[in-house]
Amino acid sequence: MLRGFVNAYWPVKADPYLQLTRCLFVCSIGNPEPQYKGTKHNVGHRVMDQLIHNYWKDHLYKEGSYYYSRKYPNLVLFKSDSTLMNLQGKTMSKHFQQFHKQSRLIVLHDDLERDLGKFQVRKPGTSSRGHNGLKSIDGIYKDKYSKIAIGIGRPTSKTVTNYVLSKFDAKEQEVLDFDVIPKVVKELEDIIEDDLDYLRKERKEVMSSYAGDKRG
């Protein structure tokens, strides 16, 4: 518990090269692992683990705290698993601010308001729905980040705290791994490809403008 608190305030060594290129910064939030691994509150980390170790393993490589892609040059992945959920805003700020100021932040998180088996892509400025991790991030990036909410449903008997800190049973894991996560991956790939198309178009316009200036 103390480690999860201290890590939120521990400084990150700055790398000036990270600020040179705009990116899609996709991160998962939850509580520290391995202590809370497999809990409902950490379902964002479960998705991230699948991306890193399964779906995108052939084109990802790690440098420092981040994963980069040989297939998607605009992609950066970050698993924020060393900080308590309610302190994620401080951690996110330390890491995301290292990248180009026009980079986009996408947060993978659990959602009590959606049933298990459902997910939702949510635009910048949408409500945190009482989620402590999102409220922490809202304090810094209120209208400037997107969310992918992974449904975990609401408890019928347990308190919310006990429920989100409980682990998925075998049947729930199957729903996540074989139904939900493949759809989330497809949604992310569409977002990444759309962003790449935008960057290519932007680069083409800049190069055309530069060529016109030289001819003039």
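Is cysteine 27 buried or exposed? Cysteine 27 is buried, with a relative accessible area of 0% (buried means under 20%, exposed over 50%, partly exposed in between, with a 1.4 Å probe and protein chains only). The model is predicted: local features need pLDDT of at least 70, side-chain atom pairs count only at pLDDT 80 or more, and totals for chains, interfaces and linings use all residues. Residues are numbered from 1 along each chain as its sequence is written, and side-chain values use heavy atoms, without hydrogens and water.

**Confidence**
- The protein averages a pLDDT of 89 (the predictor's confidence in each residue, from 0 to 100).
- At least 70 is reached by 86% of the residues.
- Helix 1 (residues 2-9) has the lowest confidence, at a mean of 52. Helix 2 (residues 43-55) has the highest, at 98.
- Helices (H or I, at least four residues) and strands (E, at least two) are DSSP runs, numbered from the N terminus.

- An open sheet of 7 strands runs in the order 2-3-4-1-5-7-6, with mixed pairing (two strands pair if DSSP finds at least two bridges between them).
- Strand 2 (60-63) and strand 6 (119-122) each have a single partner strand, so one side of each lacks a neighbour in the sheet.
- Strand 2 runs antiparallel to strand 3 (residues 66-69), joined by 4 bridges.
- Glutamate 63 has tyrosine 66 in strand 3 as its bridge partner.

**Cysteines**
- Cysteine 23 also counts as buried, at 4% relative accessibility.
- The whole structure has 0 disulfides (pairs of cysteine sulfur atoms within 2.5 Å).
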